[in-house]
Amino acid sequence: MSKKEKEKNKNDNPSVSEFWRDIENQFKEKNLRLTKPREIILEELRKADHPSANEIYIRVRERHTKISMGTIYRNLKFLKKLGLIYELEHTGGSPGKFEIGSADHSHFICEQCGMIIDIEEQIDKTKEQQLAEELGLIVTHHRTEFYGLCKECRSATT
């Protein structure tokens, strides 16, 4: 994203500028480069709803025509390792899906069509704390995923 685009987003939407400030700070703190492909991948992930690597590739390719699928995979793996993105790996037989962030929240994943629904309601953290205490662990975050059939797939099977 160019400085001009970032400045426009800063004026248009404070949450977008905060997002980029956080990303840039994380890269600076770790002494890493925020390359153009990484910027575009993060921007497309921010705008999309749980895209696959292939969907990200198609979207990024529109803006960065020389990017390869290998570059997409390497950067997704890198961003995942940094904790900036999360991969939902079991999505009803479809390829893994990605999202920005690692904040504690849950997902429902349809085992038939692969639809993903974010569940913003917080799951009781007392079990997390109890587990940490019993096993002497430090839990930084958790993920809960529910699997089954969405309304449409359930209706189609009855």
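User: Hi! How many strands form the open sheet, and in what order?

Analyst: Three strands, in the order 4-3-5, with mixed pairing. Bear in mind that this is a predicted model.

User: Which strands stand at the edges?

Analyst: Strand 4 (116-119) and strand 5 do. Each has a single partner strand, so one side of each is left without a neighbour in the sheet. From one strand to the next, the twist averages 20°.

User: And strands 3 and 5, how many bridges join them?

Analyst: Five bridges, and the two strands run parallel. Strand 3 covers residues 106-110. Within that pairing, Cys110 is opposite Gly148 of strand 5.

User: Nice. Switching to backbone angles: what is the phi of Asn31?

Analyst: About 55°, which is positive even though Asn31 is not a glycine. Asn31 sits in the loop that links helix 2 (14-29) and helix 3 (36-47).

User: Is Asn31 buried or exposed?

Analyst: Exposed, because its relative accessibility is 70% and the cut-off for exposed is over 50%.

User: What about His50, where is that one?

Analyst: His50 is in the loop between helix 3 and helix 4 (53-63). Its phi is also positive, near 55°, and His50 is not a glycine either.

User: Buried or exposed, then?

Analyst: His50 counts as buried, because its relative accessibility is 6% and buried means under 20%.

User: Last topic: which residues make the nonpolar surface patch?

Analyst: Leu131, Leu135 and Leu137 make it, and it is about 280 Å². Leu137 belongs to the loop between helix 6 (126-135) and strand 5 (144-148). With a relative accessible area of 44%, Leu137 is partly exposed.

Technical notes: Residues are numbered from 1 along each chain as its sequence is written. This is a predicted model: local features need pLDDT of at least 70, side-chain atom pairs count only at pLDDT 80 or more; totals for chains, interfaces and linings use all residues. Side-chain values use heavy atoms; hydrogens and water are left out. Helices (H or I, at least four residues) and strands (E, at least two) are DSSP runs, numbered from the N terminus. Buried means under 20% relative accessible area, exposed over 50%, partly exposed in between (1.4 Å probe, protein chains only). Patches are made of residues with over 30% relative accessible area and no salt bridge: like charges are joined within 9 Å, nonpolar side chains (Val, Leu, Ile, Met, Phe, Trp, Tyr) within 5 Å. Accessible areas come from the Shrake-Rupley method with a 1.4 Å probe; for residues, only the protein chains shown count as cover. A salt bridge is a side-chain nitrogen of Lys or Arg within 4 Å of a carboxyl oxygen of Asp or Glu. Two strands pair if DSSP finds at least two bridges between them. Axes are lines fitted to C-alpha atoms, for helices over the stretch in contact, and angles run from 0 to 180 degrees between N-to-C directions.
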